[in-house]
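Me: I have a model open and want to learn how to read it. Can you take me through it, feature by feature?

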Amino acid sequence: MTYTDTLDWMFSQLPMYQKQGKTAFKKDLTNTLKLAAHLNNPQEHFKSIHIAGTNGKGSTSHMIASVLQEAGYNVGLYTSPHLKDFRERIRVNGKKASKAFVVAFIEKQKAFLEQHQLSFFEMTVGMAFAYFAEMQVDIAVIEVGLGGRLDSTNIITPEVSVITNIGLDHTQFLGNTLGLIAGEKAGIIKAKVPVVIGETHPETQAVFNAKAKVKASKIVYADQLVTTAFRSDMIGSYQIKNLKTAYQSIKELRLKGYTITETNVKNGFLNVVSNTGLLGRWQVLNTAPKTVCDTGHNKEGLTYVMAQLLKETYNTLHIVFGVVKDKDLKTIVDVLPKTATYYFCKPEISRGKPAVDLKRELMPYGLTGKAYNSVNEAYKMALKAATKEDFIFIGGSTFVVAEII
């Protein structure tokens with residue numbers, strides 16, 4: 001199999017949440033545990049940090065990985081989804097897993113994967129853990145895919161558990177209240193493993209405290225403890241919360257004997273993008289007109305992004321915007337600027353919401369613009385219409401951003 005053949009098989013043969021949505025979600029760890037046992041439990045051969053949360057878990061994961069790299073550790077990083085290349089999900093010291101490894105893993109394990117009907121995410125987690133064990137990483141930063149309690153990554157016993165925040169996202173899987181969602185995220189809290197919570201919220205604090213008490217785990221709230229003057233190359237004022245969460249997590253690692261200096265922290269935060277290859281977080285694509293893309297897609301994520309937009313200076317705001325079919329638009333319309341010109345588009349996946357439908361559903365809320373056949377066409381039209389003094393924002397979905405960068 002070639003690398004392309006391998007990816008085609010992974011993407012088309014097996015359930016994949018990014019393409020299918022709810023039908024690909026499995027509320028069970030049985031398959032992941034079977035695969036781990038089949039692979040001789042690679043997750044037991046490296047230390048880890050486990051990171052969940054509605055927003056910011058990807059940024060926080062990359063920040064922590066960058067700091068650990070600056071401290072001289074051999075660092076694995078598992079995140080999802082990818083934007084351009086599947087191998088973005090599995091990195092060691094910022095370098096993507098080789099194509100040869102991906103091909104060899106699938107070729108060797110294909111019969112087992114087919115026999116047990118493993119999902120795309122389950123097999124990818126197994127692949128990542130096998131890679132980190134093979135590469136003999138000192139520690140791996142593992143980002144939860146969805147939820148926490150029943151997420152495929154939740155077979156590790158980490159050095160520190162991290163929950164960035166809680167918002168109303170993926171309610172069809174995790175529950176329709178902050179308390180219920182917090183209960184699912186709290187599933188990554190392990191016995192006597194310290195847990196760092198990024199944001200204090202009355203509806204979730206009691207849930208986290210109760211779970212930590214049952215597990216006899218130390219619990220700390222980063223927003224209550226951390227005042228940081230650190231800066232990051234990850235632009236956007238909303239990253240301040242992630243910086244605090246990452247820094248408190250580093251402090252917990254120090255208490256476990258990890259050698260991480262303040263200089264390591266400073267340099268790690270300033271070089272996240274170059275150290276880890278992070279894409280799509282307030283990423284500047286052009287300067288005249290200033291063009292930015294961001295993967296924030298739920299209410300909380302878009303609120304942070306739109307707050308950052310308000311700090312920009314421009315004549316006219318152009319927004320290239322697309323979502324997936326199961327996006328509850330009512331949860332995000334209040335944070336979308338009504339003064340912008342919209343270029344509605346459909347990301348090129350089966351779950352993408354048709355641009356004409358998106359336009360029709362958003363028009364009653366005062367959001368006006370035209371529908372385009374593709375993300376690229378929408379972007380080209382925005383560039384054509386904008387002057388050098390204007391601002392173009394691209395977002396609404398990770399998949400929209402993926403087609404642009």
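Predicted model: local features only at pLDDT ≥ 70, side-chain atom pairs only at ≥ 80, totals over all residues.

Me: What does glutamate 184 form a salt bridge with?

Reply: Look for a nitrogen of Lys or Arg within 4 Å of a carboxyl oxygen of Asp or Glu. Here arginine 149 is the partner of glutamate 184, and their closest N and O atoms are 3.1 Å apart. Arginine 149 is partly exposed, at 38% relative accessible area.

Me: Where in the chain do arginine 149 and glutamate 184 lie?

Reply: Arginine 149 sits in the loop between strand S5 (139–143) and strand S6 (160–163). Glutamate 184 belongs to helix H8 (residues 178–185).

Me: How many salt bridges does the structure hold?

Reply: It holds 10. One of them joins aspartate 85 to lysine 96, with the closest N and O atoms 3.7 Å apart. Aspartate 85 is in the loop between strand S2 (75–78) and strand S3 (90–92), and lysine 96 is in strand S4 (residues 95–96), so the pair ties together parts 11 residues apart in sequence.

Me: Is aspartate 85 buried or exposed?

Reply: Aspartate 85 counts as buried, at 14% relative accessibility. Lysine 96 is partly exposed, at 34%.

Me: Which residues do shared partners join into one network?

Reply: Trace the bridges from partner to partner. Asp85, Arg87 and Lys96 form one network.

Me: Now a helix. Which residues of helix H14 are buried?

Reply: First the general idea. An α-helix has 3.6 residues a turn, so residues three or four places apart point the same way. Now the case here. H14 covers residues 299–309, and its buried residues are Gly301, Leu302, Tyr304, Val305, Met306, Gln308 and Leu309.

Me: What covers the buried residues of H14?

Reply: The cover includes helix H11 (239–255), strand S11 (317–321) and strand S14 (391–395).

Me: Last, the whole chain. How many helices and strands does it have?

Reply: The chain has 17 helices and 14 strands. Its radius of gyration is 21 Å, close to the 22 Å that the globule rule gives for 405 residues, so the chain is as compact as a globular protein of that length. Of the 405 residues, 57% count as buried.

Definitions and conventions. Residues numbered from 1 in each chain as written. Heavy atoms only, no water. Buried < 20%, exposed > 50% of the residue type's maximum accessible area, 1.4 Å probe, protein only. Helix = DSSP H or I, 4+ residues; strand = E, 2+ residues; numbered from the N terminus. Contact = heavy atoms within 4.5 Å. Rg over C-alpha atoms; globule rule 2.2 N^0.38 Å. Salt bridge = Lys/Arg side-chain N within 4 Å of Asp/Glu carboxyl O.
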